[in-house]
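Welcome! Take a look at the structure, then try each task before reading on.

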Amino acid sequence: MLKSMLALGKMQFNQYNIYKSNFYLFTLNRIVEIVVYIFVWQAIYRQTGDTGGYTINQMITYYILVFTLSSLSCWGVNEDIAYSIRNGNINKELLNPLSYFQYYFGINIGEMAFAIVVGVATFVICSLFWGITLPVSFIHFLLFVVVILLGIPVTFFFTMIIGLVGFYSSSIWGMQILRKSIISIFSGIIAPITLFPHWFQVIANVLPFKELIYTPINIWLGQVSMNNILLVIIKQIIWVGTLYGIAKIFFNHAVKKVTINGG
């Protein structure tokens, strides 16, 4: 099973990487976004002397890491799922030796691998031009990686839920935009969560998206205690189980609908 999923991941990675321009353009796009945010925060710092509780170097590091990691959170297989439903490939996918979820998680592995390559390239290039605040300790770096990895299944199952809307709609374009917007706002991509109103922070603390970007970066910066990191990991595990359950229920209902329609 794992071997088959890794083979699917390798195939998907090669599809992204077959044109080297994909890598260069994705990386360039990330760097341009970083430059814009850094210039904005440098201007704010010169005017107010404040960057939302971060030093200017920490804020620069924050946005370099944001766009290093953002592809892991915002990319997903929901469009692939919707396309397979529209063109009829869903019939073959349901008959695969791998389960439907395993099949798409294998494809997701390939997308995430390419996202990591783009992210590492972005981080290295930006590190040459701006001073990066390094992790406060090696333990914090390891915990940073653990939280990032736990965020991948959270994103995957959320993406699966959105993709399965394709069973009920001829287009999921609007849902795709909504998914990316929710993640961008609640994960801290647009701005650190602490800059939002208190009521927004309460919602963000309940939802799982904060742990995709904002929390791991603050672990990197040493602004999350060890006790809270443990709670973060427990919260992620709970959300992985919850989103998997929702996606499974949604999928089981959707498959029945396809059967009823003779698909």
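**Exercise 1.** How many salt bridges does the structure hold?

*Solution.* Start with the rule: a salt bridge is a side-chain nitrogen of Lys or Arg within 4 Å of a carboxyl oxygen of Asp or Glu. The structure holds two of them.

Before going on, a word on the model. It is a predicted one, in which local features need pLDDT of at least 70 and side-chain atom pairs count only at pLDDT 80 or more, while totals for chains, interfaces and linings use all residues. Residues are numbered from 1 along each chain as its sequence is written, and side-chain values use heavy atoms, with hydrogens and water left out.

**Exercise 2.** Describe the salt bridge between Arg-30 and Glu-33.

*Solution.* First, the distance: the two side chains meet at 3.3 Å, N to O. Next, the place: both residues sit in helix α2, and because they are three residues apart there, about one helical turn separates them. Helices here are DSSP runs (H or I, at least four residues; strands are E, at least two), numbered from the N terminus. Last, the cover: buried means under 20% relative accessible area, exposed over 50%, and partly exposed in between (1.4 Å probe, protein chains only). Arg-30, at 8%, is therefore buried, whereas Glu-33, at 27%, is partly exposed.

**Exercise 3.** Where in the chain do Glu-211 and Lys-235 lie?

*Solution.* Their side chains meet in a salt bridge of 3.0 Å, N to O. This pair links distant parts of the chain, 24 residues apart: Glu-211 is in the loop between α9 (198-206) and α10 (214-220), and Lys-235 is in helix α11. Both Glu-211 and Lys-235 are buried.

**Exercise 4.** Why is the pair of Phe-157 and Tyr-244 classed as it is?

*Solution.* Rings of Phe, Tyr and Trp (its six-membered ring) pair if their centres lie within 6.5 Å; planes under 30 degrees apart count as stacked, over 60 as edge-to-face and the rest as tilted. By this rule the count comes to 20 aromatic pairs. For Phe-157 and Tyr-244, the ring centres are 5.3 Å apart and the planes stand at 70°, so the pair is edge-to-face. Phe-157 belongs to helix α7 (residues 138-163) and Tyr-244 to helix α11 (residues 226-260), so the pair ties together parts 87 residues apart in sequence. Phe-157 is buried at 11% relative accessibility, while Tyr-244 is partly exposed at 37%.
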